[in-house]
Amino acid sequence: MPSNKKEKSSFIGLESKFHESIGTRIVHLRRTSSTMDDARELVKCAEIADELHGTLIIADEQTRGRGRFDRTWDSEPSEDILTSIIVCPRPSISGQLTIIASLGAALAVETFTGSTVQIKWPNDVLVNGKKICGVIAEGSMLADAFVGILGIGLNVNMRNAADDGRDYQATSIRELAGSLGAIDRVAVLSVLLEKLNEVYDAVDRGESIMPEWRGRLKMLGSEISVSMGTKNSVGDVVSGVAEDVDEFGRLLIRESNGTLRAVASGEVTTRVNRGDG
C-alpha cells in the first residue's frame with residue numbers, strides 16, 4: 001500500500017460495531033491520490049482473499065479521485081465520504097456489487113435526509129434530480145477467489161454546488177438537511193455501513209434486492225440513449241425506451257425496430273421523459 005500519511009482517526013471504533021462485516025477494518029488516510037488505488041494495492045499485496053473482506057479505506061482528501069470513465073471526483077478536504085471497500089463475495093453475487101453499493105448508499109441518504117432518493121442507472125444516487133453520490137465497482141482474482149472493490153463518493157458537507165463548475169447538478173446531505181453547521185461524517189459513515197451490510201447480507205442469504213433497486217431507477221419508461229464509449233473514445237450508442245432491468249442489473253432497451261437490447265454499462269442521456277422526472 002502507498003505510504004500515505006495516517007492520522008489519529010475519528011472513524012476508529014466503528015470496527016467493533018461491524019465485526020466480521022463490511023467495515024470490520026478501517027484505514028483512515030489524511031490525504032491520498034485515490035482510495036481505489038490504495039484498495040488495489042492492498043489486494044495486490046495480499047495472499048489470502050478472505051483476510052481483506054470488509055476492509056474500508058477512507059480519505060479526508062483525494063488528489064486524483066475518479067469516478068466512472070476516469071472522470072475526476074472533486075471534494076474539499078474533510079467534507080465528504082471518500083471511500084473504497086474490499087469485499088470477497090460468493091461468485092454467484094459478484095455481478096451485483098454496483099447494485100449493492102448504489103442501493104446501500106440510497107438507503108443511507110434516505111435515512112439521513114428523509115428525501116425521496118432515486119438511482120440513475122447504473123451507479124448515480126440522486127435527490128431531486130441532483131447527484132449526491134456516485135459508486136463504482138470492479139473485481140479481480142486473488143488466487144482462486146474473487147475480490148471486489150466498491151468505490152463510494154458521498155457528498156456530506158459540500159456547499160455551493162451550483163457554483164463549483166461541475167458539469168452536472170449536485171447536492172449534499174448538509175444542503176438537504178438545511179444545516180448551518182457541518183454534518184458529522186462519522187455518523188454518516190456509520191449509517192452508510194449499516195445499510196451496505198443490510199443489503200449485502202440480504203443478497204448473500206439469497207434474497208432479491210432487485211425490486212427495491214428497480215423501484216428507484218429514474219429512467220424506466222423514458223426514451224434514452226446509452227453511449228458505451230469511454231471518456232476518450234466514442235463507442236456504440238443504443239437508443240430506445242428503457243423498459244426494465246434484468247436479474248443482472250442490465251438495462252433492457254426497446255429499440256425503434258422492436259429489438260430488445262440488454263446493456264450492461266454506459267452513459268445514459270434521457271431524450272424524452274415519459275416517467276416521473
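P122 sits in the loop that joins strand 4 (117–120) to strand 5 (124–127), strands being DSSP runs of E with at least two residues and helices runs of H or I with at least four, both numbered from the N terminus. The peptide bond leading from W121 into P122 is cis, with omega near 0°. The model is predicted, so that local features need pLDDT of at least 70 and side-chain atom pairs count only at pLDDT 80 or more, whereas totals for chains, interfaces and linings use all residues. Residues are numbered from 1 along each chain as its sequence is written, and side-chain values use heavy atoms, with hydrogens and water left out.

Beyond strand 5, the loop that runs to strand 6 (130–142) holds N128, which has a positive phi of about 55° although it is not a glycine. N128 counts as exposed because its relative accessibility is 65%, where exposed means over 50% relative accessible area, buried under 20%, and partly exposed in between (1.4 Å probe, protein chains only). A positive phi, near 65°, also occurs at E20, again a residue other than glycine. E20 belongs to the segment before strand 1 (25–29) and, at 65% relative accessibility, is likewise classed as exposed.

The protein chain as a whole has 5 helices and 12 strands, and buried residues account for 51% of its 277 residues. Where contacts (heavy atoms within 4.5 Å) join residues at least 6 apart in sequence, 65% of them link residues at least 24 apart.

Turning to the helices, the axes of helix 2 (residues 97–113) and helix 4 (residues 185–204) come within 8 Å and cross at roughly 135°; axes here are lines fitted to C-alpha atoms, for helices over the stretch in contact, and angles run from 0 to 180 degrees between N-to-C directions. Helix 2 is therefore oblique to helix 4, given that angles under 35 degrees count as roughly parallel, over 145 as roughly antiparallel, 65 to 115 as roughly perpendicular and the rest as oblique. Residues of helix 2 including I100, L103 and L107 meet residues of helix 4, among them V188, L192 and L196.

A105 lies in helix 2 and counts as buried because its relative accessibility is 0%. Apart from neighbours within four places in sequence, A105 is in contact with V125, C133, L192 and L196. Of these, C133 is 28 residues from A105 in sequence, yet their C-alpha atoms are 7.4 Å apart in space.
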